Structure formats: C-alpha cells, structure tokens
Amino acid sequence: MSRQVTQPEKVRTDLIQTELPTPRSGGSRLRTAAFGLGATALLASCASDAPQDTWAPEGKYAQDIHNLQWPIFMIAGIVGVIVFGVVLFVVIKFKDRGQPIPEQGHGNALIEYVFIAIPALLLAGIAVPTVAEVISLNDTDNADCVINVTGQQWWWEYDYPVDASNNICGFAPTGDAAPIVTSGQMVIPVGAKVVIRGTSRDVIHSFWVPKLNGKRDMVPGRVHTWNFEAEQPGIYAGQCAEFCGLSHANMRMEIVALDDADFQAWIDNQLEPYQSPEAGTLAATGEQTFISQCSRCHQIDGLTNADGELVVASPEQFVWSGAAPNLTNLMTRNTFAGASWDLLTEDCRADVWEAPPAEFGAKYLEGVTKSCLNEIDLKEWLRNAPAKKPMYTDPESLADTDGKTRGMPYLALSEDQINELVAYLIERK
Amino acid sequence: MFTTGSKLLIGSAAAAWILAAVYGIAQGGTLGSIGLISAAIALSLLAGINVLARDSNVSANEPAGFGASAAAQSTARPSLWPLLVALGATTMTLGLVTNRTFFTLGLIAVIAGTLEWLIQGWSERASGDETYNARARDQMVDPLELPVAGAILAAIVVYAFSRVMLGLPTKTATVAAFAVVATLALGIGTLVAVKRGASKTTLGGTLSIVLVALVAGGVVAGLVGEREIEPHHTTGDLAAKNECTAEETEADEKASQSVASKSNVTAEITYKDEELRAKVPGYNDNFAQLTLQRSNPSNILFHNESDEHARLVIELHPATDDNGQPLGPERVCTALVESGGSQLLTVVIDQPSFVVEEGFAFTVAGSDAELQVVVP
C-alpha cells in the first residue's frame with residue numbers, strides 16, 4: 001500500500017526538478033533587492049546634472065556647512081559600522097543552538113562608565129563645532145549687499161534697496177539710484193557678503209540654494225536674514241524647501257553671481273528708463289494688449305497709457321498674496337513662472353549655464369534674444385497658465401479668498417494677442 | 001441540529017443576500033445595494049455567533065446546567081436609563097424649535113442613555129453569576145464612563161468658576177475670590193493629606209458641598225450677567241478716529257510702553273534729537289530712508305529716546321475703488337510713547353512710491369522729524 005502511494009509522488013518530484021524552474025528562496029529575493037537598492041543608490045550618486053547637490057558647495061557658507069557635515073558623517077558612519085558589526089557578531093556567535101543559557105551578570109561599573117563616556121565625548125565633539133557653526137552662519141551683520149526677498153505662492157520677489165550712500169549692493173548706479181524689483185533670478189556680486197532679508201506675503205516658504213548655503217524659512221510678518229557668497233560667476237539653482245501649497249514643487253529660484261564689472265552693468269541696465277516699442281510694430285500692439293490684459297497685476301515701471309499716465313498695477317485687488325512679478329526687465333532673466341520654466345531654448349540655456357566663469361557674465365547679460373527665446377513654453381503659459389502650473393484660479397472656488405486668485409488665472413487670450421504680447425515682452429530688457 | 005434562533009437568523013441572512021443580489025442586478029442602485037449587503041453581512045455574523053452560542057442555551061445533554069445558564073435568569077432589572085433617553089428626546093424636540101445646542105445635548109443624552117441601557121440589559125443576563133455580570137459591565141463601560149464623567153465634571157467646575165469670576169463687580173473682588181478658592185483648595189488638600197483616616201463619606205460629602213456651592217454660584221453669576229468690561233483701545237482705533245496727533249488720548253494712557261518678544265522686525269526706528277533714524281537688519285548704519293515691500297505687513301519697532309512723549313505716524317495714501325473710496329486706512333500710528341518707551345507698528349502700503357506725489361514718510365506728530373519710505 002505504502003509503495004503504491006510513494007511511487008507516484010517520487011515521479012512527480014523528479015518532473016518538477018527537471019522541467020520546472022526552481023522557486024526562488026526568500027534569501028535570494030532579499031539579496032536581489034539589496035543589490036538593486038545598492039545599485040540604484042550608486043547610480044543616483046553618479047548623477048552628472050545635479051545643480052542642487054548639497055555635497056558640492058560653491059560658496060563660503062555652503063563650504064562651512066560641508067566642512068562640518070563631512071567629519072560628522074564620517075563619525076556617524078564609523079559608529080554605525082561598529083554597532084552593526086557587533087550586533088551581527090553577537091547574532092551569529094550566540095545563535096540559539098540548544099545550548100544552556102550562560103550565567104547572567106548584573107552591573108559592571110567599568111563597562112558602564114566607558115559606554116557612557118564614549119557617546120558623551122562623541123556628542124560633545126559634534127555639538128561644539130556645530131553650535132559654533134550655527135552661530136557663525138547666523139551672523140548677518142556687516143553685509144556688502146542687502147537684498148529683500150519675499151516669497152509668495154509660488155514665486156520669489158527680490159528688491160534691491162538703496163543704501164544710506166545711495167548705492168545698491170555697494171555699487172553706485174551710473175544714473176539716479178532707485179530700488180530694483182525683479183523675480184525668479186537673484187543677481188549678486190561675486191565674492192560679496194550678500195545678506196537677504198526674507199519674509200513672505202502668504203504662507204511659510206523656505207529659501208534654499210544648496211550650493212551657496214542651507215535653508216532659511218520665510219515667515220509672514222517676520223524678517224529673517226541669511227547670508228550668501230558665491231566664489232565664481234555662474235547660476236546656482238534652488239527651490240522652496242517648505243511645503244507651501246499646490247505648486248510648491250514649482251517654486252524655484254536661481255542665484256546669478258556676476259563679477260563686479262558685470263554686476264555694475266546689470267544694475268545700470270535695470271535702472272534704464274522705459275523704452276516704448278517703435279510705433280506701428282507688433283510689439284507696439286503688444287504694449288496695448290499688455291495694458292488691457294496684464295497690467296492689473298503685473299507692473300512695468302515707466303509704462304504709460306494712451307493719456308500719458310503711468311500704468312500702476314494693483315495686484316492686491318486680484319491676487320491673494322497681493323503681488324505679481326514685476327516684468328520691467330523680464331528678458332534680462334532666464335526664467336519665468338517662479339523660475340520653473342526657461343525663457344531660453346535648450347541650447348542657449350546650456351550655452352549660458354555651462355559657460356566658463358570668465359565668459360559667463362557677458363553671456364548672461366546678453367539676456368534673451370529673439371533667436372534664443374523659448375517661445376513654446378512662454379506661449380503655453382500665456383495660453384493657459386493654470387494648465388501649465390497648478391494654481392488656485394478657478395473663479396467658482398475662490399470664496400475663501402474673496403474672489404482673489406492664488407497664481408495667474410486663465411485669461412482667454414487669442415493667438416493674435418499671445419503673439420503681440422511675446423513681441424512686446426521680448427523687448428523688455 | 002440548528003436552534004430556533006439560529007434558523008431565524010440564517011434564513012434572514014440568506015434572504016438578505018438574495019435580495020441584495022436581485023436588487024443589485026435588477027436595479028443597480030448603489031445605496032440600496034450597500035444597505036442590503038450591510039444587512040446581509042450583519043445577519044450572517046449574528047447567525048454565525050448564534051450557531052456557536054446555540055441561542056445561549058446549554059446543551060440538551062447537560063440538563064443540570066439549565067438553572068445556572070444566562071437564558072434561565074430573570075429578565076433585566078428596572079433601569080433609570082430610559083428616563084435619560086426620554087429627557088434627551090424631549091430636549092431634542094425643544095431644540096428643534098428653539099436652539100441648536102439643546103438639540104445637540106438631547107441627542108447626546110439619547111445616545112448615551114440608549115447605550116447604557118443596552119449594556120445594562122446585556123450585562124444583567126450575561127451569566128447566572130451576578131458578581132460576574134457586574135464585573136463584566138464595569139470592564140466594558142468604565143474605560144469610557146470614567147474619562148467622560150471626569151471631563152464633564154471638570155467642564156462644570158471650570159465653567160461655573162469662570163461665570164463667578166466674570167460676574168464679580170471689580171478686579172479686586174476677582175483677585176479676592178481667586179485667593180479664597182485657592183486657599184480653600186489648599187486647605188482641604190492639606191487636611192486630606194494630614195488626616196489620612198478621613199472616611200470616604202466625609203470626603204465625598206465635603207467635596208459635594210463645595211461642588212454644589214460652586215455650581216450655585218455659577219448659576220447666580222450667570223443669571224446676573226458679566227460685569228461691564230471696558231475695551232482697550234488699539235492703535236488701529238487711534239488711526240480710525242484720526243487721533244494720530246501729539247495730543248494724549250484715553251487709549252494712550254492705557255497703552256503699554258514696552259514691547260516683549262518682538263524679534264525679526266523689518267526695522268527699528270528711533271526718535272532722538274528731533275530726528276528719526278532706522279536700523280535695518282544686515283546694515284550697521286542708521287538710515288534716513290527705509291525701503292518697505294509693497295502689499296506686505298511690515299513690523300516696525302519704534303523707540304522714543306527723546307525727552308518728550310512721541311507718536312510715530314505714517315500716511316498710507318491707499319488706493320481707491322471706482323467710487324473714489326480708499327481701500328484701506330489712510331494712516332496708522334503708535335500710541336503716544338513715553339520717553340524711553342517702545343511700541344510696535346504694523347504697516348501695509350499698497351501703492352508704489354512713484355504713484356504718490358508726496359511720497360511716503362514716517363513722521364512724529366508735533367515734530368518736523370521725518371524718515372522717507374521707499375516702496376518699489
């Protein structure tokens with residue numbers, strides 16, 4: 001009886017072993033997963049295009065943080081390896097093999113003292129330089145350049161005040177000094193201690209440009225200061241680091257560092273008086289379209305209407321934060337819509353971003369030319385901004401904000417109007 | 001094989017499943033299907049429990065156990081909980097025509113009374129052992145009853161005490177009342193701690209008297225009403241009443257002359273030697289001109305280092321609507337700040353400087369001191 005039962009079972013087992021793939025064991029899956037995870041981490045660490053790499057400082061303050069975090073990371077790593085090694089040794093060495101439980105001991109003063117002293121010393125060794133560094137990073141006195149930074153959903157405004165000596169960032173403008181207001185890209189002089197005075201018009205944001213310094217929250221009603229100093233001319237990317245609503249991921253910023261001569265040229269250019277487009281051109285029509293469609297929220301300094309009166313934007317009546325980007329010199333910037341999209345085409349952008357430090361300033365100051373304009377994204381934005389960047393602009397759901405939008409609404413512009421606006425805006429530099 | 005109760009529940013569950021299937025296929029209604037499926041699941045569960053419990057009857061093979069079984073016990077004893085349910089239902093009805101709060105309180109009473117009644121009814125027939133039944137009830141209800149009762153008691157004490165405090169005619173009386181209550185609490189606490197032999201009855205009686213006195217006091221104070229509380233004028237009131245002059249007002253008399261915990265301000269403005277100077281973060285120098293962001297609340301800390309009282313004022317030149325009406329206050333100011341005093345002023349300017357012909361400036365009422373403000 002038993003032979004009759006076991007015989008077929010044996011045959012079946014043979015079949016499985018010869019014709020079907022062997023099921024993978026749990027250990028094998030674990031090894032594969034660990035290998036996959038490790039390989040992913042390795043590949044990610046090899047990313048060549050990482051403009052927000054916290055491990056690649058390019059300014060004094062980021063370098064100071066780097067100098068602190070490296071040894072701490074090393075200490076933590078060594079401690080981690082030792083702890084895991086000891087645990088692994090104990091697990092293997094004393095695995096339950098049915099042996100009798102060894103004699104239990106209680107209290108060993110020497111071991112306890114050592115195990116208290118080692119972590120205490122390690123923590124003290126980490127705490128002392130950390131506290132000193134935190135204090136040093138927060139020393140925002142004696143600035144060479146002060147810039148007011150204001151966050152709102154979902155873009156940054158930068159305004160450059162005129163100091164007691166009638167200078168801007170320590171540079172005397174060639175013409176009359178007046179505050180400069182811009183957005184998207186904050187332009188600073190290389191090698192200068194730049195202090196930003198940051199705040200917010202709506203919710204808490206956080207200003208973070210990893211290659212130049214750590215994060216600093218921008219809180220409504222408070223002014224928080226923070227330092228930046230760039231070693232080389234170039235563009236340094238960052239993004240809002242405090243969740244601030246629907247388009248938080250699209251709230252980016254860039255710091256552009258220029259050498260002294262280029263920064264002086266940038267200031268002078270920003271303060272140049274407004275130039276109306278040549279009469280009869282598409283840009284001139286675009287100017288009127290701008291006044292009728294855009295100037296309720298967006299300011300262009302010096303723009304006048306048909307009666308010769310200054311056109312003054314009133315964003316506080318239409319936008320919940322009370323502000324919209326000043327577009328006076330839009331095409332001197334490389335980005336728009338919260339620095340989320342480039343005004344330059346891909347090739348032109350690469351030409352500026354990858355320029356050697358000595359050539360960077362000239363390329364940046366060239367601004368956006370007609371041949372380099374990224375018309376596709378700009379027109380998509382003008383066609384339907386909320387479709388490109390998620391924002392609270394649906395008129396039927398604005399009861400909580402008294403009908404004011406959070407972001408740029410859909411304006412139902414015709415293709416002709418969009419072409420006119422692009423022709424007008426390309427001259428704003 | 002199946003007991004009578006089990007047969008009823010199994011049949012009901014089967015009917016509910018069939019109805020749910022028929023309804024779902026024939027009608028396709030979501031709500032009806034959900035309801036029928038829910039009923040079917042509930043009935044199936046009950047049927048399963050009942051099959052296991054055999055209608056709470058002991059096995060037919062154990063006739064000796066009949067007398068001790070739960071099913072053999074008398075029906076549940078009379079209960080006061082239905083009284084609470086009735087009271088709640090009445091309050092709910094009253095609430096429907098008077099006040100929403102009554103309705104909510106009535107609803108809570110109905111739910112609480114029903115639950116307590118159900119649990120009492122169940123526990124008194126849980127087994128043939130009354131001690132076990134009482135313990136079963138306590139184990140089920142105590143974790144809920146005790147915290148809720150504690151919270152209600154605390155709310156009554158706090159609310160009654162707050163009515164008493166608000167009803168007392170003067171500030172001195174409130175201080176005295178607080179001192180008396182605190183002394184009583186301390187005295188009773190000390191007595192209990194020292195005299196450890198105090199009986200629970202004595203202690204409970206004392207605390208009950210205190211509680212009743214407190215509630216009575218609260219009721220009386222609530223009926224009498226709160227004393228008249230004089231509102232403190234703010235700098236906003238001063239601006240609204242156009243009292244941003246050098247003259248001292250009633251609000252100025254009561255204004256605080258010191259500012260606590262105001263860090264991270266936009267600027268500190270100091271009035272000294274007939275001049276206004278601004279200290280802004282980032283710069284070491286003092287400025288005769290200040291840049292403020294448009295449409296953004298800016299907190300300004302004002303220090304009066306002159307020998308006279310001084311009030312910081314700024315004309316805001318607000319934008320106007322289509323009817324020419326200003327969309328915000330025309331000016332804001334601090335209260336009159338005494339020599340050596342400080343005050344905070346929050347300023348929101350919604351127009352850029354180039355729009356306002358005369359520009360923006362902080363001034364000191366009754367003085368020529370001026371500090372230009374630039375709004376980009």
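The predicted model has an ipTM of 0.75 and a pTM of 0.69. For chain B, the mean pLDDT is 85, and 90% of the residues of this chain reach 70 or more. Between the two chains, 30 residues of chain A are in contact with 23 residues of chain B. On the side of chain B that touches chain A, the residues comprise 11 nonpolar, 9 polar and 3 charged.

The largest nonpolar core consists of 77 residues, and A:Ile147, A:Ile188 and A:Ile255 have the most contacts inside it. The element that gives the most to this core is strand 10 of chain A (residues 252–258), with 5 residues. Another core, of 35 residues, lies apart from it and includes B:Tyr271, B:Leu290, B:Phe302 and B:Cys333. Within chain A, A:Ile147 touches two tyrosines, A:Tyr158 and A:Tyr160, together with A:Met186, A:Val194 and A:Ile196, when residues up to four places away in sequence are not counted.

Strand 10 of chain A is mostly covered, with 7 of its 7 residues buried. Burial applies to both faces of strand 10 of chain A: A:Arg252, A:Glu254, A:Val256 and A:Leu258 lie on one side, and A:Met253, A:Ile255 and A:Ala257 on the other. In strand 10 of chain A, A:Val256 is the residue opposite A:Val187. Strand 9 of chain A (residues 234–239) is joined to strand 10 of chain A by 6 bridges, in an antiparallel arrangement. Here A:Gly234 stands opposite A:Ala257 of strand 10 of chain A.

A loop residue of chain A was also examined. A:Gln317 is located in the loop between helix 6 (282–293) and strand 11 (335–336) of chain A. There are 17 other C-beta atoms within 10 Å of A:Gln317, so this residue is classed as partly exposed; the class lies between the limits of 12 or fewer for exposed and 20 or more for buried. The C-alpha atoms of A:Gln317 and A:Arg296 are 8.6 Å apart in space, while the two residues are 21 residues apart in sequence.

Chain B contains 9 helices and 10 strands. Of its 376 residues, 23% count as buried. Considering contacts in chain B between residues at least 6 apart in sequence, 62% join residues at least 24 apart.

In chain B, 5 strands form an open sheet with mixed pairing, in the order 3-2-1-5-8. Strand 3 (286–287) and strand 8 (342–347) of chain B each have a single partner strand and stand at the edges, so one side of each has no neighbour in the sheet. Strand 5 of chain B (residues 298–304) and strand 8 of chain B run antiparallel and are joined by 6 bridges. Across this pairing, B:Asn299 stands opposite B:Thr346 of strand 8 of chain B.

Note on methods: Residues are numbered from 1 along each chain as its sequence is written. Chains are lettered from A and ligands numbered from 1 in the order in which they are written. This is a predicted model: local features need pLDDT of at least 70, side-chain atom pairs count only at pLDDT 80 or more; totals for chains, interfaces and linings use all residues. Two residues are in contact if their C-beta atoms, placed from the backbone, lie within 7 Å. Ala, Val, Leu, Ile, Met, Phe, Trp, Tyr, Cys and Pro count as nonpolar, Asp, Glu, Lys and Arg as charged, and the others, Gly among them, as polar. A nonpolar core is a set of buried Ala, Val, Leu, Ile, Met, Phe, Trp, Tyr and Cys residues joined through C-beta atoms within 7 Å. Helices (H or I, at least four residues) and strands (E, at least two) are DSSP runs, numbered from the N terminus. Two strands pair if DSSP finds at least two bridges between them. pLDDT is the predictor's confidence in each residue, from 0 to 100.
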